[in-house]
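Work through these exercises with the model open beside you. Try each task before you read its solution.

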Protein chains: 2
Amino acid sequence: MSSSALSLLRTHVQNPLDGSLSDFHVTPDIWSAAAARHPALAARLDVSIGRTRADFDTAIGEAEILVTWVGVAKETMDDIAHRAPRLRMVFCTSAGIERLMPLDWLPSRIALLNNSGTHSTKAGEWGIMAILMLANHMPVFATHQRERRYEKIFASSVAGRTLVAVGTGAMAIDTLRLAKSLGMRVIGVRNTALPHAGCDAVVTTADLDRVLPEADFLLLTCPLTPQTRNLIDRRRIGLLKPQAGIVNMARGAVIDQEALCDALDAGRIAGAVLDVVTPEPLPADSRVWTTRNLSLVPHVSADDPLTYTPRSLDIFFANFARWIAGEPMPNQIDPARGY
Amino acid sequence: MSSSALSLLRTHVQNPLDGSLSDFHVTPDIWSAAAARHPALAARLDVSIGRTRADFDTAIGEAEILVTWVGVAKETMDDIAHRAPRLRMVFCTSAGIERLMPLDWLPSRIALLNNSGTHSTKAGEWGIMAILMLANHMPVFATHQRERRYEKIFASSVAGRTLVAVGTGAMAIDTLRLAKSLGMRVIGVRNTALPHAGCDAVVTTADLDRVLPEADFLLLTCPLTPQTRNLIDRRRIGLLKPQAGIVNMARGAVIDQEALCDALDAGRIAGAVLDVVTPEPLPADSRVWTTRNLSLVPHVSADDPLTYTPRSLDIFFANFARWIAGEPMPNQIDPARGY
């Protein structure tokens with residue numbers, strides 16, 4: 001701590017306690033580079049970087065700002081009201097913070113933020129890949145490859161096809177933009193039916209049943225909340241066309257996984273590309289491994305090791321600038337909304 | 001045949017003799033729609049449409065123009081010099097016409113054309129899909145799925161990565177354009193090192209060895225000729241980086257398939273997405289089915305049933321317009337070059 005620490009905001013950056021996710025750690029070099037991009041803001045902070053539980057325990061009593069992983073927060077927040085009397089901001093370098101819900105443990109003096117926006121470029125490339133894979137029957141061909149079955153199935157361009165996107169936030173926007181650039185029709189589904197630059201039409205979740213039958217592709221990027229848990233249940237899967245495919249970049253629990261596997265194995269829908277499943281890691285005896293026309297990805301779609309941590313820190317600084325200006329922070333979690 | 005037939009060009013459209021490829025037949029409706037798009041040109045033609053060998057045998061003696069599949073041409077061209085004394089143009093609704101090589105059977109009075117350009121949109125979507133699949137380790141994850149192995153492997157955006165494209169023609173241009181739009185660096189490899197709008201740099205095939213070590217992705221769309229057969233041989237596969245992936249949309253014989261499978265099974269290169277293999281259909285005992293990190297597609301990448309035949313006919317009419325104007329036809333095959 002520098003001698004001018006009392007005039008600075010005591011900021012602790014805590015990497016995962018178990019050393020995991022090393023591709024995504026905030027190293028001193030990565031912090032310094034981010035600080036150099038935001039020098040006036042960084043000059044307001046007195047920063048420590050921790051790697052162990054002891055580092056965390058040493059720092060938390062004085063910390064006013066904590067930058068950390070959702071997993072670290074999950075492990076450390078239980079008694080945070082007492083252990084961190086000066087804490088006013090927790091910035092989680094994760095977009096999905098459902099593991100911290102409900103937020104009844106969160107003192108009202110502490111703002112909780114996620115890193116929404118970090119993932120857009122990588123998520124966009126992955127999302128359009130997954131849509132094109134479904135359009136081109138790639139999960140079917142992977143199943144046929146397992147069966148040594150050589151059978152042509154032709155496909156048309158995605159131009160004019162309909163993408164229904166449940167979730168239209170930072171995790172979806174680049175996929176929607178790329179889908180539009182390929183001539184697709186995009187229907188966004190979100191909590192408010194306000195117009196959205198990436199969508200031809202927007203409906204609320206209340207109208208989901210009405211748009212599902214129109215979907216050639218169903219893209220899920222919504223946060224997992226009590227409202228979205230099991231949102232795509234057996235009945236709604238039944239509303240999809242036989243030609244429809246599902247891309248899940250949200251959380252496994254947004255879909256009724258058994259119903260999805262039943263529909264795929266029966267050929268009632270055309271395919272699925274799943275970055276997320278229930279549970280993770282997927283047990284060896286799960287039926288998901290061998291479900292027909294299902295391509296499984298181990299929850300890596302949106303996380304780009306080259307850009308993840310620098311962009312997360314840029315988003316932290318952008319929010320910190322709003323905070324010291326007394327303005328609302330765009331990444332602050334609304335405890336009532338859950339994201 | 002109409003009463004004014006003598007003043008019109010006798011044109012026969014022959015669908016596959018065995019009824020195959022029914023998604024791609026020239027039906028009377030599809031022909032009429034194409035004729036309506038090119039009324040002045042269509043008015044110069046007296047057209048018959050055949051489905052059987054008998055239809056072909058009846059029409060070929062008088063035909064001046066034949067529009068057909070490469071497979072039909074392969075079956076019928078042996079004695080064409082004698083059977084079709086008036087024939088001056090054969091338009092093949094295929095891009096790859098290597099099955100007709102060498103062209104020693106082709107009387108010099110007959111111009112042979114392919115439908116290059118038909119496939120661009122669909123091929124572009126498929127090509128960028130395949131590149132994004134390699135970037136995101138999808139062939140690896142498909143292998144892991146077979147093994148019930150849940151193991152995260154992260155990936156970065158393709159921005160800044162290098163695509164080496166062997167073949168920069170109609171089959172590649174939309175993939176190159178999409179790759180550029182995602183920030184990739186594109187090196188084209190073709191017979192002449194002339195600048196190419198879709199490429200950051202162009203080299204000739206003589207410089208292939210120099211650019212292969214730079215490739216994150218190697219995209220093959222070149223025609224199969226004596227020069228490109230086995231072009232990507234064991235030695236050249238050895239020039240690729242361990243992180244490199246291969247997309248083959250050309251012909252299986254452009255790659256040494258055994259060497260490719262060896263490299264993939266040994267992990268010496270990262271992955272492959274193959275629309276074409278040797279032979280097709282792939283026999284059940286081929287090692288290709290189970291080669292690691294290899295995604296197999298049954299030769300359907302570029303063929304869009306909704307647009308294939310209409311676009312092929314548009315390309316026929318565009319060339320026919322040049323022909324009656326006495327100008328070179330862009331789709332005419334050069335017997336010496338082989339494409």
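**Exercise 1. Strand β3 of chain A**

Which residue stands opposite A:Ile65 in β3(A)? Then find the neighbours of this strand and the directions of its side chains.

Solution. Keep in mind that this is a predicted model.

Step 1. Locate the partner. A:Thr11 is the residue opposite A:Ile65.

Step 2. Identify the strand on that side. β1 (residues 9-14) of chain A is joined to β3(A) by 4 bridges, and the two run parallel.

Step 3. Turn to another neighbour. Strand β4 (residues 89-92) of chain A is also joined to β3(A) by 4 bridges, again in parallel. Here A:Thr68 stands opposite A:Cys92.

Step 4. Sort the side chains. From β3(A) (residues 65-68), A:Ile65 and A:Val67 point one way. A:Leu66 and A:Thr68 point the other way. All of them are buried.

**Exercise 2. A sheet in chain B**

In what order do the 5 strands of the open sheet in chain B lie? Name its edges.

Solution. 

Step 1. Read across the sheet. The order is β2-β1-β3-β4-β5, with parallel pairing.

Step 2. Find the strands that pair on one side only. They are β2 (45-50) and β5 (111-113) of chain B, the edge strands.

Step 3. Follow the twist. From one strand to the next, it averages 15°.

Step 4. β4 (residues 89-92) of chain B is joined to β5(B) by 3 bridges. In this pair, B:Val90 stands opposite B:Leu112.

**Exercise 3. Helix α8 of chain A**

Which residues of helix α8 (residues 173-181) of chain A are buried? Say what covers them.

Solution. 

Step 1. List the buried residues. They are A:Ile173, A:Asp174, A:Thr175, A:Leu176, A:Leu178 and A:Ala179.

Step 2. Look at the cover. It includes α6, β6 (162-166), β7 (185-190) and β9 (217-220) of chain A.

Step 3. Walk off the end of the helix. Just after α8(A), A:Gly183 has a positive phi of about 85°.

**Exercise 4. Chain A as a whole**

How many helices and strands are there in chain A?

Solution. 

Step 1. Count the elements. Chain A has 12 helices and 12 strands.

Step 2. Compare with the globule rule. The radius of gyration of chain A is 22 Å, close to the 20 Å that the rule gives for 339 residues, so the chain is as compact as a globular protein of that length.

Step 3. Note the extent. The C-alpha trace of chain A spans about 70 × 45 × 35 Å along its principal axes.

Step 4. Look inside. Of the 339 residues in chain A, 47% are buried.

**Exercise 5. Two chains together**

Solution. 

Step 1. Superpose the chains. A turn of 180° and a shift of 0.0 Å along the axis give an RMSD of 0.0 Å. That is the relation of a two-fold axis.

Step 2. Find the residue of chain A closest to the rotation axis. It is A:Met129, at 2.6 Å (C-alpha).

Step 3. Compare the surfaces. The same surface serves both copies, as 100% of the contact residues of chain A recur in chain B.

Step 4. Count the contact residues. Chain A gives 39 residues and chain B gives 39 residues. On the side of chain A, α6(A) gives the most, with 7 residues.

Step 5. Sort that side by class. It has 22 nonpolar, 8 polar and 9 charged residues.

Notes: Residues are numbered from 1 along each chain as its sequence is written. Chains are lettered from A and ligands numbered from 1 in the order in which they are written. This is a predicted model: local features need pLDDT of at least 70, side-chain atom pairs count only at pLDDT 80 or more; totals for chains, interfaces and linings use all residues. Two residues are in contact if their C-beta atoms, placed from the backbone, lie within 7 Å. Ala, Val, Leu, Ile, Met, Phe, Trp, Tyr, Cys and Pro count as nonpolar, Asp, Glu, Lys and Arg as charged, and the others, Gly among them, as polar. Two strands pair if DSSP finds at least two bridges between them. Axes are lines fitted to C-alpha atoms, for helices over the stretch in contact, and angles run from 0 to 180 degrees between N-to-C directions. The radius of gyration is taken over C-alpha atoms; the globule rule is 2.2 Å times the number of residues to the power 0.38. A residue is buried if 20 or more other C-beta atoms lie within 10 Å of its own, exposed if 12 or fewer, and partly exposed in between; C-beta atoms are placed from the backbone. Copies are superposed by least squares on the C-alpha atoms of residues with pLDDT of at least 70 in both.
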